Amino acid sequence: MEKRDYLVKTLSRTKRKDYENYIINAIWHKIDNMELKPVSQQYVKLKNGKHALMDLYFPQLQIAIEVDEAYHLKNQEADNLRLDEIIAAVNEDSNSDFICLRIDASQSIKSINYRISEVISIIQEKASSKQLKWLTYEEELDQIKQQDYLTIYDDVSFKNITDIANTIFGKKFKGFQRSGFRVTDTLWIWCPKLAVKIDGEIKSPARGWLNILADDWSYIDESQENQTEEERIALIDDDLSLNKERAVFANYKDNLGINRYRFVGVFKSSGLSPDDPKYIRYNRIQDKTKIINAHFITKNR
């Protein structure tokens, strides 16, 4: 997506919120830095475990901006989030440099503009200490390849499974449609579509499969429609016999509604779910996975 198209989409998400729209667009245009990438309506996982919606976020600087409107206390606590919003959320606890700047929209226009100027000064000061570059998607993938590990804290998502395979695991796929593949004797890649809760009811987008990710990403519960307990136990035994680990890239839609995959950890089966025996429980055992360069790969079995 070109910068032009991205900016039009992300900055128009506040068009029905007059005060917020004025403030957010004023900040962006006065900063006047096309190497600084803005993200609107960004969910942040707070240190207390709850989620809040930030009106504007600059991931390169880890600066969030929240517009407080007198009649709209939307950001005090965001409940009943969709799982795709939870996956896309920034983790405040993992970002020691994360700061949130607030602007009170109930003040006079003079006070609002003064606060906007203060916020811009903070942003520009932090930006001046970094060599900023708004990377294209291809540049992001090339940068990831230079790392030793991909972690759940990396601010990166993938467009498709082929890019995951080729960037992280040294494959040379031209196209890949399945939701997973084997990397080593014990490591598999799993790219599940996650179930979502609508009006308290779990809905599956995955043709009878229910893949429920815990809010804190500590486990995944998986079930298939009409699957018997004996079949679940057989799958568990098979995983255990293979010492099978799964690097999980959860399928979700980002804040612009674009389909993406986000790494949420390496998981391993621990048996039937203690919450409901209709599910298999996979506990997260690692928050990172090794990036494998193509020249180190032996032919996959």
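# Exercises on a predicted model

Asn 226 is exposed, with a relative accessible area of 71%.

## Exercise 1: Two residues in loops

Solution. Begin with the position of Asn 226, which is in the loop between β12 (219-224) and α7 (229-242). Next take the backbone, where Asn 226 has a positive phi of about 70 degrees although this residue is not a glycine. Turning to Asp 32, the loop that holds this residue runs between α2 and β1 (39-45). Asp 32, again not a glycine, has a positive phi of about 55 degrees. Finally, consider the surface: the relative accessibility of Asp 32 is 65%, and because exposed means over 50%, Asp 32 counts as exposed.

## Exercise 2: The packing of α2 and α4

Task: Describe how helix α2 and helix α4 cross, and say which residues meet in their contact.

Solution. Two packed helices are described by the angle between their axes and the distance between those axes. Here helix α2 covers residues 18-31 and helix α4 covers residues 109-128, and their axes come within 10 Å and cross at roughly 45 degrees. The two helices are therefore oblique to each other, and the crossing of α2 and α4 is right-handed. On the side of α2 the contact is made by Tyr 22, Ile 23, Ala 26, Ile 27, Lys 30 and Ile 31, which meet Ile 109, Ile 112, Asn 113, Ile 116, Val 119, Ile 120, Ile 123 and Gln 124 in α4.

## Exercise 3: Helix α6 and its surroundings

Task: Is helix α6 largely enclosed or open, judged by its buried residues, and how does α5 pack against α6?

Solution. Start from the count for α6: seven of its eight residues are buried, so this helix is largely enclosed by the rest of the structure. The buried residues are Ile 161, Thr 162, Asp 163, Ile 164, Ala 165, Thr 167 and Ile 168. What covers them includes the helix α5 and the strands β6, β7 (180-182), β13 (245-253), β14 (259-272) and β16 (288-290). Now look at α5 in particular, which packs with α6 (residues 161-168) at an angle of about 35 degrees, the axes being 9 Å apart. In this contact Tyr 137, Leu 141, Ile 144 and Lys 145 of α5 come together with Asp 163, Asn 166, Thr 167 and Ile 168 of α6. These residues divide into four nonpolar, two polar and two charged.

## Exercise 4: Lys 145 and Gln 147

Task: With which residues are Lys 145 and Gln 147 in contact, leaving aside neighbours within four places in sequence?

Solution. Lys 145 is found in helix α5 (residues 137-145), and with a relative accessible area of 36% this residue is partly exposed. Its contacts, counted in this way, are Asn 166, Thr 167, Ile 291 and Asn 293. Between Lys 145 and Asn 293 lie 7.5 Å in space, C-alpha to C-alpha, although they are 148 residues apart in sequence. Gln 147, by contrast in setting, is found in the loop between α5 and β6 (149-151), and this residue is partly exposed at 27% relative accessibility. Counted likewise, Gln 147 is in contact with Asp 154 and Ile 291.

## Exercise 5: Cysteines and the whole chain

Task: How many disulfides does the count give, and how many helices and strands are there in the chain?

Solution. The rule asks for a pair of cysteine sulfur atoms within 2.5 Å, and by this rule the count comes to zero disulfides. As for accessibility, Cys 100 is partly exposed with a relative accessible area of 29%, whereas Cys 191 is buried at 4%. Widening the view, there are seven helices and 16 strands in the chain, and buried residues make up 46% of the 301 residues. Among contacts between residues at least 6 apart in sequence, 61% join residues at least 24 apart.

Notes
Residues numbered from 1 in each chain as written. Predicted model: local features only at pLDDT ≥ 70, side-chain atom pairs only at ≥ 80, totals over all residues. Heavy atoms only, no water. Axes fitted to C-alpha atoms, helices over the stretch in contact; angles between N-to-C directions. Helix = DSSP H or I, 4+ residues; strand = E, 2+ residues; numbered from the N terminus. Parallel < 35°, antiparallel > 145°, perpendicular 65-115°, else oblique. Left-handed = near helix turned anticlockwise from the far one by under 90°. Contact = heavy atoms within 4.5 Å. Buried < 20%, exposed > 50% of the residue type's maximum accessible area, 1.4 Å probe, protein only. Nonpolar A, V, L, I, M, F, W, Y, C, P; charged D, E, K, R; others polar.
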